[in-house]
Structures are given as C-alpha cells and as structure tokens.
Amino acid sequence: MIQTGTRELTAEDLLLNENLLQKELQTLFPFQSGSVSFPASHPEGMSCEDGFQPLLEAESKRLLVPLALQGRLLGIFIAQEVETADLPKLAFIQRYSELCLENLCLRKERDIDPLTCLYRQDAFVRSIAREIEQISNHLLAPSAAVDPEGECKGRFGIAVLEPDHLESLQRGFGYMVTERFVQQLAGELSLHSPAQAIAARLENDRFGLLLPGSGPADCLTICQDIKDKLDGLVTEHPATGERLTSTIRCGSAVYPLHLDGHEMKTQPQEQARLILDKGLHALKTSQKLGGNQVLCFSDILNCGGSILSVTSEGRIRVDLGRRARADEGHRFAVVRPAADRGSSAPPGPSIKAEVLLVEVGHEEAAAEVLYLNAPFDHLRPGDRLQRLSPEEEGAARNLQYEPSGERQASPMPLRHFLAGWQEHCRNVETFSLALCRMESRPSPLQGTRHEAESNRMAEWIDAALLREMLPRDGLIGEYGSDSLALYLPGMGNAEGEELLSSLSSLLIENGQIRVSIGLASYPCLQFTPRDMLSNARYALEHALLLHPPRIAVFDSVTLTMIGDRRFAARDLPAAAEYYGLALYLNAANRVARNSLGICHAKLGNPGRAQREFETVLEADERDSMAWYNLGFVQLKQGSWEAAQSSFNRCLELVPDHVYALIRLGQLAEKQGDLQQARAIFQRAGQSEQGARTSFKYLAKLDLQEGDRDGARSNLQQAIVANPWDAEAQYLLARLYLKTGEDVHIAESLAQKAVSLRPEAETYRQLLERIFLLQDKPMQAGLLHTRQAGSGKPEPFTPGSA
C-alpha cells in the first residue's frame, strides 16, 4: 500500500511496504527476519565516498542496509540472523536495495496522479476492493462474531466530491489556472481529511475519499466538514485580477449497507465499482437538488426524486429507478419546489399530490397520480418527491374496488390491484400476497427481446393462472414491466407456495420463462394486512439469493436477513427485535439465535447473550461459532476456566479458528506462561486472517521480554497486514518515541491511532506528548481542548459480527 501526498518515496511508504522489501532482499542473501528502522541519525561508518554502505554486525548476525535513494537516507533495513558465509559484497547489496526502492517509486508513480499527488482512480478502486476483501474475510469468519478486538469495523464509506464551475473556469481563466486550482483543492482535501482516509482524483476532476469504519452519519459529518473547508477557496486570474470562489457538491455511500443482496455476491472489484457508482449517483442527485447539502445514497429514494415529465393527466415520469432502490408500489408526496412557495404560489398546501410507482426502470419510473390536493394545482416537471412511510400513505382511502364477479381476463393496473386487495382482505381471515419477477432484466441492447419475453409471460400467466390456478376472488395486477402481483385469499404459506411452485414449473415448461417469487401470508406475528406488500418485497429479495427455483416465503430466514441489514446499519435494538421475531417463527433458527446473542453482547447484556449461545449449543454441540461466542462472553465475565474450555471445544471443531487461538494465547499470557502464549499466537498467524491480529500480540510479548527489535518488526508487520489497527499504530509510535527514532514518524502513527480511535484517551495523551517534544504547544493545546470538549463516544465495532 502506497501513501499519498507526494510522488517521492517517504518513510511511511517504507513502513507499509516492509514485507515487499524483505522478500526482495531475501532473494539476494538469506536471513530470518527484518524490520525498517528510522533512527534520528545514521550509525557511524554507514557513510562512505559513494554515499552509504551496509554495516555488518558479525557477533549479533545483523546487517544494517541503508535505504537510500538519490543520496537521501530514508531509513535502515535491519536484517536479523544473517548467514554471513553466503553474504554477497556489501556494495552489491547496497546497489540492489537502491533498485528495490526505485521499483517502489515506479509502483507509486503508477498509482499516484502527478498533478494532485492523490490516488488515481484505478488505484482507488483497488484500495476499495482490498477493503471489501478484508471485510468479507472478517464477516464470513464465524470466529469474529462478538469479537471487538479486530479493528476491521465491517463497513466503510465512500465520498465523492466535485467542485462547481470548473468548465467556466477553464473557458475564462485557461487550463493552467484551472490546474493550479485543482491542485489547491487537492491540497486542502488532503489536509482536512481524516488520517485513515484514502483520497483520490477521479475522472472529470472529481475527488474520492475512502473512509474506513464510517457509517452514514459519520460520512455526512466528515463530508460536511470538508465541504465547509473547501467552500470559499478563491482563485484569481493572473492578468485581470478576476476572482472565482469554489463551491463543492458531495455525495456518499456506505458498504455494505447500500449494496443489494445480489450485488454482494459479485467479486470485490465489481463491488468496489458498484459502491463508487452509488456515491456518484448521490453526488449527481445533490447537484440536481441544489442548495448547500451533502447527500447520502439512501436519501435519494427518500427525498431526492423529482418529476421529469407529465405524460398524461394522471401519469408522470420521475427520475427514480432501481438504481436508487425504487420499486413498484412505492408511494410519494409531490412537493412544490422551494422557489415556488412564495406569495405568488398557487393556493393550497405545499403537498400537491400523491403518486404511486407502477413501472420502474433502471434510471426512471412511471407513476400514476392517485389524487390531487387542489384540483387546479397542476403537476409540473421539477416538482420534488418525498417518500411516504406506510403510516403516511393515504392513497388507498381514495380508491374504490368494484368486483365484477368474474375471473380476470388480464392483469389490472397496480393502483387498482392495491385498492382491490386492501379492501377485500378486510373480510378474510387468511390471505397471501406474492410478487413474481422475471429473472431477465431489460437492457439497451435487448429491449425488443425483453418486450417479447414480457408479452410471452403475460400470455402464459393468462392461460395458466388466471383461468385455472387463481383462487376465487383472487386478483392479479401489474407490478412494473417485468413483474406481477398476486392476491390469494384463503391461502396460507403452504398453499400459496404450492400454487406458485406449480406456476413456476408451468412457465418454464411452456414458455422457457424463469421467475423469482416472494410470498407473504397473513396473519403473521404482529404485522398488519398493509405490511404484507413490504413483506412480499423482502421475500422477493430473499428469493433472488436462492438457487432455482427461486421461491421464498416470508419466514424466519427472511426476518434474519432483515435483522442482518439493521445490524449493518448499526441499529442494534432493531436488529435484536427482528432476530427475536425470527425465533418466534422458528425457535430452531440457530443463526438468528446466535445473532441475537451477539446483539445482546454488544448492547452490554452478557448474561442474556450467554443464555442464547447455550441454547444454540443444546440444539447442536458442533456449532463452532456458538462455542467461540460463549467463550468470549465467559471471558468478559471473568470466568477464565469456562472460557478456556469453550475455546478448546471450538478448536476441536475448527483447528485453525484464528480468534479462538488468540483468546487462548491471551489467557496463557494472563497466567504468566509467555512461551505457551507465543506458540499459540504464532499458530494463529499462519493464516492471512490471523496475521491481521497475531503480530500485535507477539509484539506485546516482545515488549514484556524487552525485545524492542522484535516488537518493532512484529508491529510493522501488523500494520502492513491491517492498516486500520489503531492499537498497533499507537504501540509502534510509543516504541519509536522510546528508542529515539524519527519523531515525525511517531507523530504520523499517533495521529492515525487517534483518528481511528478518538475515544482512546491514552492515544491522545501520546500524541500530545509528541507535539510538546517537537515544541508544538499550539497543536497540543488544540488536541487537549478537543479532548475536553468532545466527550468519549461509545466505541462500537459492527464489523466484528
């Protein structure tokens, strides 16, 4: 990983690429381990006529290799346990190390934009993909369930920023002035971004930020702060003195919260582009809305839509599509633009109408007008849309359904279908609602083919379902161009699933048409009849994740998936509620029970969490995740022997369970058996996932034993394996300070530790001390003021579940 901020190689670049340097040097001469050091002054004898030369310490079997480039000493690589008999000439080693540094420079030039010294877009996407891989490895590992030790927080934010008026600046001031202005913006962005953020210059002079560990609220706060700093920057024409002031638009998205289920199944590189695209979509929506606001991707559907055109008296086109997670059946209030709400505005409320999405495409949707609040207050392009919650939706009360007493000849419009089933279901005790969606989606290259398939589906539905399969008083309605909605009175889950399975088989047999189907039945727990449409949507999302035939019933598994989504959104009480509902439907759902235990543990209820994990193990003693989680809550409650037994049971089932090994190593360390602890930590570090944590614990053992070189090496490897490990950054900064190495490197590491864990008082104290050592009382005072005024936010690591 290459640091940004300059195209020249820096000490931080050496630190983060230590493993690469070690592998390269080991191809030249054998040694056991090595680390990069940054002494305040180089050792005596290292300087020579040609610049620098390696120093061999034969007694300790150490070789100190100067890491110098173009006459500038960046650091020293210390090779341990060197085989002196096989050592080549020292001058050759020095030249080879210079070649290694030149290769690092080439890699950095490949990744860094020459104008702004920020990442290029392709390197930025690779960084996003790496973060996704780390999160995936962490989330998929059952070991990490309730473990708060890992610094991987299970999510990150993407921010996309774009300065306004760059095109007019180019036309009026020229390209050179514009480039200097872009440089100025990039410098301010680097200066005011969080220490752990990665900044990039994207296409069309946009900027991107990767914000590890950030959720929607964090992203909005960071983006607003940066926007406040960048807004108002002034550039001046060198000849005329004409001035132009910058304004910044910003959009953000959060991984994995803003990716859909089927998108999460793609490769990390694909997911990286998808989440970046969602940030761009939020940016474009922010630009369209105007005003001084920062927009998150989830806000697009809630308040970012507007009318594109009025196609007929009762039908409009809006700029919300599946890209913004719009779906058929969503209802919106139409609101006058703010500019139209003055004294000259037409009489009547600011809410002009209520509309219903009936056909949703990728970027746009067709909507039907359900009612107008004022008959002469016409809808116009540019009118804003605000999504209505189920409690606010009032359209159904204005619609009346008049049954004909005959079976339908064709699917009815969605608005009539919704009115029909909502009125009819009042008189039945049981009913089901199903959504059927064609698996193939329309594309610009296959519009005709999709239209033909849609017509074919309507024909087969007409023949197979409407005349033969639909129950008495059943209804079928259009649900967009590629979907149908079915109302099945008198049918519960079992009967509805049997009917829909037959329908799916018939469609495949007669028309080669594959569909995904979501089914929700009433009564179900505390859900009302109105909730069945949203439940059917959840079931359809569930179905899209299944293998064919893709038919999903709104059940315990679906509720578990909703709970997982709430957990990813950091809403632990809501997640616990949905996991509890999942257990009401199926008490044997071990995944839901284990997840409920995790929520209780994170909410500070270890006793309740322990009972849930014990219940899981009563049903299945071979559940390794439950054994680990049980051991963890036992450890937190001080039951060391019970925790040790639980971790050992976990290892019997999964011998390479990284976090169980880490916990056993910690227990051995607490019991004073440092040799046993080291052996366990080394075993844990044999996997890539274990390396993210084990090196840090090995370094702590080294510090207890007084081995500073070993601690430095292990901490550097810990940071390379996991750049977001705040504790490793802090420990290495403290070690550099004690050994008298470059204080600037210690300052950089301490700043990153504070940025990653602002609530950690010891991290702040170390950074304040470093500022004072460098005679920077102002920075130390500001840090102390922020610490006193900010309080201590509660730490939370959603990615550890």
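Searching the whole structure turns up twelve aromatic pairs. This is a predicted model, so please read the values below as computed from it.

**F431 and its partners**
- F431 and Y487 make a tilted aromatic pair, with 5.6 Å from centre to centre and 55° between the planes.
- This pair links distant parts of the chain, as F431 sits in strand β20 (residues 431-438) and Y487 in strand β22 (residues 483-489), 56 residues apart.
- Both F431 and Y487 are buried.
- The two rings also belong to a cluster, in which ring pairs link W421, F431, Y487 and Y522.

**A pair between helices**
- Y628 and F647 form a tilted aromatic pair too, at 5.5 Å centre to centre and 40° between the planes.
- Y628 lies in helix α19 (residues 624-636) and F647 in helix α20 (residues 640-653), so their pair ties together parts that are 19 residues apart in sequence.
- Y628 counts as buried because its relative accessibility is 0%, under the 20% cut-off.
- F647 is buried as well, again because its relative accessibility is 0%.

**A nonpolar patch on the surface**
- L525, Y584 and L585 form a nonpolar surface patch, and together they have about 330 Å² of accessible area.
- Y584, one of the patch residues, is found in helix α16 (residues 572-585).
- Y584 has a relative accessible area of 69%; the cut-off for exposed is over 50%, so Y584 is exposed.

Key. Residues are numbered from 1 along each chain as its sequence is written. This is a predicted model: local features need pLDDT of at least 70, side-chain atom pairs count only at pLDDT 80 or more; totals for chains, interfaces and linings use all residues. Side-chain values use heavy atoms; hydrogens and water are left out. Patches are made of residues with over 30% relative accessible area and no salt bridge: like charges are joined within 9 Å, nonpolar side chains (Val, Leu, Ile, Met, Phe, Trp, Tyr) within 5 Å. Accessible areas come from the Shrake-Rupley method with a 1.4 Å probe; for residues, only the protein chains shown count as cover. A salt bridge is a side-chain nitrogen of Lys or Arg within 4 Å of a carboxyl oxygen of Asp or Glu. Helices (H or I, at least four residues) and strands (E, at least two) are DSSP runs, numbered from the N terminus. Buried means under 20% relative accessible area, exposed over 50%, partly exposed in between (1.4 Å probe, protein chains only). Rings of Phe, Tyr and Trp (its six-membered ring) pair if their centres lie within 6.5 Å; planes under 30 degrees apart count as stacked, over 60 as edge-to-face and the rest as tilted.
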